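Here are my notes for you on this one. Have a look at the structure first, then read through the points with it open beside you.

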Amino acid sequence: MQGTLIGGLIVGILFGFLLQRTRMCFNSAFRDLRYFKDNWLWKQGLMAIAVETIGFQAMAAMGVIKLHPSAFIPAAQIVGGFAFGMGMVLAGGCASGVTYRIGEGNVTAIIAATFYAISAAAARAGKLKGLTGLFGKPITVTMTNPGVYAAQDGKVAPTVANLFGLNPWVVSIVFAAIILAYLFFTKTSQRKAPMHWAIAGVLVGLVGMLAYWSQQTYSLGITGGWINLFTATMTEAPYNWIGMEVFGIIIGSFISAAIFKEFKIRFPKDPKSYVFAVIGGLLMGWGAGVAGGCNIGHFLSGIPHLAISSILASIFFILGNWFMYWLVYGRN
Amino acid sequence: MAEVKPNYTLDMRGEVCPVPDVETRRKLKTMKTGEVLEVLIDYPLSKERIPANAPKEGGEVLSIEETGPSEWRIIIRKQ
């Protein structure tokens with residue numbers, strides 16, 4: 001199932017099922033940390049990142065994959081990241097959140113995802129591509145021996161390891177150890193969730209590894225998948241792995257919601273919620289298109305590479321999220 | 001359990017987080033001790049989050065009742 005449509009679909013179904021079961025919403029994870037003093041979902045996400053940090057490195061060392069850190073364009077990751085972070089508050093979920101909530105029957109999620117796909121496609125390959133280009137060209141590191149990294153003409157996107165000439169294994173182990181120390185030696189909020197955060201995190205991390213093996217060029221992502229689903233449906237372009245992965249997420253989430261009796265067509269009563277979904281979807285899509293990834297591509301899949309681009313984008317996802325939450329909900 | 005008559009109702013059906021949590025906490029903040037709030041939700045995560053967060057505004061969750069397919073009614077008393 002390497003690189004095939006069916007591979008993408010199977011990985012997507014597994015991921016969608018897990019997202020629904022584990023309530024894996026990064027919009028909530030970022031917000032809860034600051035405004036609700038609740039670190040349950042945050043720890044769940046970091047657990048997945050710790051598993052993937054070691055997992056990706058081990059897979060690359062065994063020659064199963066090559067590491068593909070995301071392109072580093074500082075202005076794009078700062079501006080796009082902040083826009084994405086603001087958008088997810090209005091849209092009522094991050095890129096993966098709105099995708100899996102479609103499978104739960106959420107009408108505002110369908111609206112947000114549609115506008116997300118449109119503006120992401122416009123920023124990456126459509127009418128807003130010129131604007132995206134203004135953020136600059138990728139900054140790369142030239143490596144004589146790329147080793148575990150996939151290089152183009154000896155050039156690799158910067159990571160903590162290759163930027164400072166460190167052994168990627170050492171960096172990965174130190175980083176994972178810091179995360180694990182934080183996870184298990186700090187207080188965790190209590191919650192009656194269907195699955196413990198540590199177990200959920202490990203399972204998401206394993207699906208991330210399976211995704212990397214299956215797609216080969218990267219682990220899990222959302223933005224590229226939505227762009228592909230729309231362009232392949234409306235033009236002659238073919239469907240690809242990541243388009244099928246996003247489609248699979250919706251199916252997997254629906255299966256989980258149906259089994260556990262959580263599926264329902266849900267309409268908010270407040271008209272404002274629909275307006276927020278449109279604006280939030282547009283902001284998120286544009287931001288992810290510019291930044292080169294969303295909370296999955298950059299945060300969940302990118303941080304385990306210790307890619308500078310993903311670390312910078314993630315910081316601005318979180319700052320944008322906190323800023324918009326404060327603006328909309330936090331001031332009184 | 002004897003039915004508690006709510007003083008206020010928040011119909012949060014169709015909304016996803018953080019709206020149900022935020023509105024519940026906002027309402028609790030304005031309520032007087034002993035008053036009862038009824039929150040209607042249909043978003044599974046809110047069923048886990050509201051009981052976890054209500055005590056921070058002095059809310060005591062009296063009951064969580066399933067009122068339909070993926071629909072719940074949470075009764076909270078201000079302490």
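The points below go through the pockets, a pair of packed helices and the cavities.

1. Before anything else, keep in mind that you're looking at a predicted model.

2. Start with the largest pocket, which has a volume of about 910 Å³. It has 38 lining residues, and if you want to find its centre, look for A:Pro69, A:Ser70, A:Ala71, A:Arg124 and A:Gly292, the closest ones to it.

3. Who builds that lining? In chain A, α4 (74-91), α6 (107-125), α7 (129-133), β2 (155-156), α11 (223-234), α13 (271-291) and α14 (295-300) each give two or more residues to the largest pocket. Sorted by class, the lining of this pocket comes out as 19 polar, 16 nonpolar and three charged residues.

4. Now the second largest pocket, at about 320 Å³. Its lining has 22 residues, and the ones nearest the centre come from two chains: A:Ser273, A:Phe276 and A:Tyr329, plus B:Glu15 and B:Val19.

5. Which elements supply at least two residues to the lining of the second largest pocket? They are α4, α13 and α15 (308-330) from chain A, along with α1 (19-30) from chain B. The top contributor is α13(A), with four residues. The class count for this lining is twelve nonpolar, seven charged and three polar.

6. In chain A, the axes of α3 (residues 40-61) and α9 (residues 168-185) come within 10 Å of each other and cross at roughly 160°. Angles over 145 degrees count as roughly antiparallel, so that's what we call α3(A) and α9(A). The crossing is left-handed.

7. What do the two helices touch each other with? On the α3(A) side, the contact includes A:Trp42, A:Leu46, A:Ile49 and A:Thr53. On the α9(A) side, you'll find A:Trp169, A:Ile173, A:Phe175 and A:Leu180 among the residues they meet. By class, this contact has 18 nonpolar, three polar and one charged residues.

8. Last, the cavities. Searching the whole structure turns up three of 30 Å³ or more, and the largest cavity holds about 80 Å³ of space. Of the 13 residues that line the largest cavity, A:Gln57, A:Tyr149, A:Ser172, A:Pro304 and A:His305 lie nearest its centre.

9. The lining of the largest cavity has eight nonpolar, five polar and no charged residues.

Conventions: Residues numbered from 1 in each chain as written. Chains lettered and ligands numbered in written order. Predicted model: local features only at pLDDT ≥ 70, side-chain atom pairs only at ≥ 80, totals over all residues. Heavy atoms only, no water. 1 Å grid on protein atoms, 1.4 Å probe; cavity = no way out; pocket = protein on both sides within 12 Å on 5 of 7 lines; lining within 4 Å. Points joined across faces, edges and corners; volume = space filled by probe spheres on them. Nonpolar A, V, L, I, M, F, W, Y, C, P; charged D, E, K, R; others polar. Axes fitted to C-alpha atoms, helices over the stretch in contact; angles between N-to-C directions. Parallel < 35°, antiparallel > 145°, perpendicular 65-115°, else oblique. Left-handed = near helix turned anticlockwise from the far one by under 90°. Contact = heavy atoms within 4.5 Å.
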